[in-house]
Amino acid sequence: MPKLKGEVAKRTLGIVISDREIIVVEGKRSGKKFYLLKAARELIGDKGIVENGRIVSESACILKLRELIDQIKPEAVFASVNIPANLVLLKTIPLDPDIIERFPDWMEWEKEKHSVDASIKSELSYLPIGAKTSDGELYLMASVRKDIIIERKRVIEGLGLTLIAADPDPVAAYNGFIASCREDDESNYLFIDISLPFYTFFATFNGKFVYGGTKVTSVDYHGIERGNPPQVLFDSLAREIHQSALEFFAPYGDFPQNATGIILIGYFAPSETLKNTLGNFFLPPILNTIPYDKKRLKFKVGKDFGNVWGAYIKGCGLALRSINE
Amino acid sequence: MNENILKLKLYKPELEKAVPKKSPYRKRVSPSSIIAAVILIGAIFLVILKWESIVDILYKPKAIYLKFAAKSTYKPSPPDTMRQRQIADSLAKLVQQKVITALNVIDSIKLSMRWKRGIIDFLKYFPPGLNPKKVYTIDDEFIVIEGTSKTRAYLDTLIDLAVLKGAFINCEIIKTEQTSIGTRYLMRTTKQPVERVWDDNFVSIQPYKRKEVLDRIDSLSRAAGLTGNITPLDEEIHGEDFKRYLLLFHGRGSTSSIVEFLEGIDKLEFYVQIISSGIEFATMNNRLTLLMGLNYLTPKMSTPKGEQTNLQ
């Protein structure tokens, strides 16, 4: 099929479906610029729509998304959807560049080494992340159960849209960041996606993607969501997040304590109390806004949107995908 | 922009079906605005036509190209650093060596990439060993690696390689070269034809079972008191259904540990065919390599009881 041209191919909807919230972002790519045209977000916690990343009520999910789409009236007809980090196997593997060519089943082999139950049908995708070690070039491997993708595809098609990609949360957030940061940015950032009950870590080392891991919180997160939560809950959550970050990035020396900055994204990104509490545990500063290059990222939803962009960054990353890839 | 984003393909749209639909929210351009745009463009074009200098440019494009060409300057590419030249020189020598030695290899089977990786894994494991820091090239026959071993370690490595030979792998260091950061080795690797003896009762191990099997053998070796490593190698395909899954074990331990390990392998419910082995006996610390083929044995068919009753 020839590549699609024109406005229709440039615009993509990024749709995030998670336990606590749903997000719709319409983006448009033009050369090196990314225009964030429209965005909407709704909290759906405790409504029995999504649980542990799995869609429990398909019709309720479609209904909620339909409300958001009617609100922003996007022109895009193609959509990308997220896959929650807790449902994806993500690994970074060093390989000789020609090994995949010679052994097409090599990555299947790698996947089997890490899969809990390799008999379940799953999708596998891998690509080089542009970094090298003494053991070979680093490849990012992602694997997800087929039924998880199918249930999300049904929702997207239920909205009358065409699904073009499904990206794990950390990859979507990374894409949103890397496409909009300064091209010469060599900082090392730690990203924490706090989309309770899960929190996920990834980092950028000189702009390269480094996955940390994901964990489910043991803290009473429902208590945090209620009005005037006690500080002790924030303290417990921040302590847990700090400890997990140290565990996940233990192979990377002093990281994240020597990171340039810590960036909160996802559901809890706008929480000032959580930012301040995390600041008591981590040495690097917790950044208030995500650094971006104004020449690359254009907000058409208001200039102040940059302050809350962290909550939408996964949607932006998804909206960067194109039908023509 | 899109060059540096990660484009995973966990979902691939069916392109034939991805016919662009029209969004109900798409703004339509009114015919009057198109007419206005055409008039505006026409007016701008008329202004340009009256502008003499622009007209000159339009009619003399060659002159402009020449003008630009004169301004551009040739910039030579930056010269190589001393370090780059040294590496290039030494690699060039190694390649020359390869051409000469390649002529001597006749009756051997070339190793696949997995075997090569197995050997590198092997060399990394044995302390102090070659301690490979960098692998320059792996082709069908040769590995060029850079290690940091000293004389004693080098001798130990030669013993390890001799043990490896017992596992039907012939890996010999044919040239060494001292560099500023370590020793560069050119190694020729070949394997002898692996014995192919088959039993009709063998059934290949399913791919999803492999990790389980690998873990079982690994834990068995540790329980026996061996310290070692297992490296998955090739999958040999025989016929339509049968596949033999090859593993390379290399480890160290006392004689009793080795015996206990081999006895343990014999009692497993799946069949481990020890294709070849290499052992270097030392006082307390023997070196062992095993090349193993993994298969299942099908349960033996027994005569149904009902048939026996009928016979009576």
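This note walks through some features of a predicted model, chain by chain and element by element.

1. Let us begin with the two chains. Chain A is built with eleven helices and 15 strands, and chain B has nine helices and ten strands. Chain A has 325 residues, of which 44% count as buried. In chain B, which has 312 residues, the buried ones make up 25%.

2. A word on how the chains fold back on themselves. Taking contacts in chain A with a separation of 6 or more, 69% are between residues 24 or more positions apart. For chain B, 64% of the contacts between residues at least 6 apart in sequence join residues at least 24 apart.

3. Seven of its seven residues are buried, so S1(A) is largely enclosed by the rest of the structure. Burial here means that 20 or more other C-beta atoms lie within 10 Å of the residue's own. Both faces of S1(A) are covered. On one side you will find Arg11(A), Leu13(A), Ile15(A) and Ile17(A), and on the other Thr12(A), Gly14(A) and Val16(A), all of them buried.

4. Which strands does S1(A) pair with? One partner is strand S2 of chain A, residues 21-30, which runs antiparallel to S1(A) and is joined to it by seven bridges. The two strands form a hairpin, with three residues between them. To find the pairing on screen, look for Arg11(A), whose bridge partner in S2(A) is Lys28(A). Strand S6 of chain A, residues 78-83, also pairs with S1(A), in the parallel sense and over three bridges. There, Ile15(A) has Val81(A) as its bridge partner.

5. Is Lys38(A) buried or exposed? It is buried, because 24 other C-beta atoms lie within 10 Å, where 20 or more are needed. Leaving aside neighbours within four places in sequence, Lys38(A) is in contact with Glu26(A), Ile72(A), Pro74(A) and Val301(A). Val301(A) is 263 residues away from Lys38(A) along the chain, yet their C-alpha atoms are separated by 6.0 Å.

6. Two of the helices in chain A make a contact you can follow residue by residue. Helix H2 (residues 58-72) and helix H5 (residues 146-158) of chain A have axes that come within 9 Å and cross at roughly 45°. H2(A) and H5(A) are therefore oblique to each other, and the crossing is right-handed. From H2(A), the residues that take part are Glu58(A), Cys61(A), Ile62(A) and Leu65(A), and they meet Arg154(A), Val155(A) and Gly158(A) in H5(A). Sorted by class, this contact of H2(A) with H5(A) has four nonpolar, one polar and two charged residues.

7. Further along chain A there is an open sheet of four strands, in the order S13-S12-S11-S14, with mixed pairing. Its edge strands are S13(A), residues 208-216, and S14(A), residues 261-265, each of which pairs on one side only. From one strand to the next, the twist averages 20°.

8. Staying with that sheet, how do S11(A) and S14(A) pair? Strand S11 of chain A, residues 189-195, pairs with S14(A) in the parallel sense, over five bridges. Ile192(A) stands opposite Leu264(A) in S14(A). A helix packs on the sheet too: H8 of chain A, residues 231-248, touches S11, S12 (198-205) and S13 of chain A. The direction of H8(A) makes about 130° with that of S13(A).

9. Helix H7 (residues 210-224) and helix H8 (residues 255-266) of chain B have axes that come within 8 Å and cross at roughly 145°, in a right-handed crossing. Leu220(B), Ser221(B) and Ala224(B) in H7(B) are the ones to pick out, as they meet Ser257(B), Glu260(B), Phe261(B), Gly264(B) and Ile265(B) in H8(B). The residues of this contact of H7(B) with H8(B) divide into four nonpolar, three polar and one charged.

Key. Residues numbered from 1 in each chain as written. Chains lettered and ligands numbered in written order. Predicted model: local features only at pLDDT ≥ 70, side-chain atom pairs only at ≥ 80, totals over all residues. Pairing = 2+ DSSP bridges. Axes fitted to C-alpha atoms, helices over the stretch in contact; angles between N-to-C directions. Contact = placed C-beta atoms within 7 Å. Left-handed = near helix turned anticlockwise from the far one by under 90°. Nonpolar A, V, L, I, M, F, W, Y, C, P; charged D, E, K, R; others polar. Parallel < 35°, antiparallel > 145°, perpendicular 65-115°, else oblique. Buried ≥ 20, exposed ≤ 12 C-beta atoms within 10 Å, placed from the backbone.
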